[in-house]
Amino acid sequence: MNILILGAGFAGHTAALHLSHLVRDTAQITVVAPNNRFTWFPSLIWVGTGTMAPERVHFELAPVYEKLGITYVGGRAEIVAPDDRTVTVRLPNGSTQTIAYDFLLNATGPYLNFEGTPGLGPKCGTTQSVCSVEHATAARDAYLESVRAMERGQRQRLVVGVGHPAATCEGAAFEYVMNLDWDLRNRGLRDKADLVWLTNEPDPGDFGVDGVEAKKRGSVVTGKALVQMLFDESKIKPMIAAGVTKVEQGTITYDQVGVDPGTLDYDFAMLIPQFRGIPLKYVAHDGSDITEKMTLPNGFMRVDADYSAKAYDEYRAHDWPALYRSPSYDNVYAAGIAFAPPHPISRGKKTNAGTVIQATPPRTGMASGIMGRTVAYNIADQIAGREPSHHARMSEMPAACIASMGKSIWNGSAASIIMVPVVRDFEKYPEYGRDMDLCDLDVGIGGAWTKRLLHDAFMWKLQAKPGWQMIPE
Ligand SMILES: Cc1cc2nc3c(=O)[nH]c(=O)nc-3n(C[C@H](O)[C@H](O)[C@H](O)COP(=O)(O)OP(=O)(O)OC[C@H]3O[C@@H](n4cnc5c(N)ncnc54)[C@H](O)[C@@H]3O)c2cc1C
């Protein structure tokens, strides 16, 4: 049996690790990824503020795969032929290689759609991003330039958030703005900076998951109140329910719910782009293009979800996929950011000018890892002649998120959030859609320690060092 995994990120690499354990004797596992490295994205926030060296957030994949008996192919998947069970891969020298499979996992993560917002991103020389090691390193350099300007006495406006009305990953951007605040305070420069939080979330603390609540000493506290309090304390100006529509050197054009479209000048900006699916072409046996059958228009792969159009109040927990398997091919899966969510989790809003401002569903590292593990177990089931039996709906899955607010274990802090499940299930939990005995919200130095520990624990686990199986996703 040949198992082919496209992508070596949170979903693909986790699946590869588990498969090497589950079916090492019965299957040949091949991983295709353009870069011979795994990136621990959560710590890119610290790279982007200059508090962690870029070399500390990634490691080489090839030696890990060699140790586990996995074949690694450095290349970029381009064409998937599910009838023929092959994938065509573009190699770095420009030639192609066709790889046959019995089981396929698409775990190619996001295409960073900077082009979706005219003028956005490092290529245009305007805004920064922290979505790769290179981007975070460039963001650090641009930020430090602003720091030098402040040291010379110049006031700077730093804008952080998302760069498209339908972007996701607001949690990472939130972490970045809080780390900038912390770093500027440590440098004694906070009074020289205007920090602006520009987001498509309908409310502060929504994070694309329709917000969070927790019970504290008998009353319910909300993520909205917590984030609002943090912004008030830190004097960060929030611009909520706003979508960036264009960027020019030094100027962001946006449309915002409840007000007329406007512009905002900036000296430094870090805006996360919209995510789309990695552009893979799917072809049938006769060579015809079946990409539309296999993916949604946003490029993410269709799996066992309910994609029928519904109003927000009709969304159901069971709309979300359980197996992450293609409805057309029972040997093809998609996990992590590569799978198409059935619909948003947050409520969208419309501006006066008619722009839909919609925070789209995050598929965080933890969720992506759980999906990768689930697919690995389901493929192992199928190889053993059983029906896939492992479920990981986002409407059943817990999520723990720690947003650091300063890297130091002495004076850093973090907002820790636990939600169970990620997507609200009002049939199971009629009041809040979540298990309020398990949901939690906290701010404190303990989270900063945990975030540092997670970095080291996962860098250990993901290099398949002894005992890696003991560390959960
Ligand atoms: C700055 C930042 C901070 C974050 N912080 C957190 C956090 O604190 N906690 C958390 O849970 N999540 C966090 N996330 C989110 C987390 O990183 C993502 O959810 C996770 O990376 C998604 O995993 P994935 O496997 O789907 O995609 P990725 O991890 O992006 O992996 C995709 C893989 O596919 C490869 N690939 C791309 N194109 C092709 C192709 N054509 N063929 C083959 N391979 C291809 C890529 O090279 C990569 O190996 C953060 C994200 C960012 C950007």
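How many residues surround the ligand, and which are the closest?

## Ligand shell

The shell holds 34 residues, and Gly7, Gly9, Phe41, Gly109 and Gly336 are the closest. A residue is near a molecule if its C-beta atom, placed from the backbone, lies within 6 Å of it. Elements giving two or more residues to this shell are α1 (10-22), β2 (28-33), α2 (44-48), β6 (76-81) and α8. Helices (H or I, at least four residues) and strands (E, at least two) are DSSP runs, numbered from the N terminus.

By class, the shell has 22 nonpolar, ten polar and two charged residues. Ala, Val, Leu, Ile, Met, Phe, Trp, Tyr, Cys and Pro count as nonpolar; Asp, Glu, Lys and Arg as charged; the others, Gly among them, as polar.

## Basis of the model

This is a predicted model: local features need pLDDT of at least 70, side-chain atom pairs count only at pLDDT 80 or more, and totals for chains, interfaces and linings use all residues. Residues are numbered from 1 along each chain as its sequence is written.

## Helix α8

Glycine 385 follows α8, with a positive phi near 85 degrees.

## Four-stranded sheet

An open sheet runs β15-β12-β11-β19, with parallel pairing. Strands pair if DSSP finds at least two bridges between them. β15 (236-239) and β19 (268-272) are the edge strands, each with a single partner, so one side of each lacks a neighbour in the sheet.

Four bridges join β12 (residues 193-198) to β15. Leucine 198 stands opposite methionine 239 in β15.
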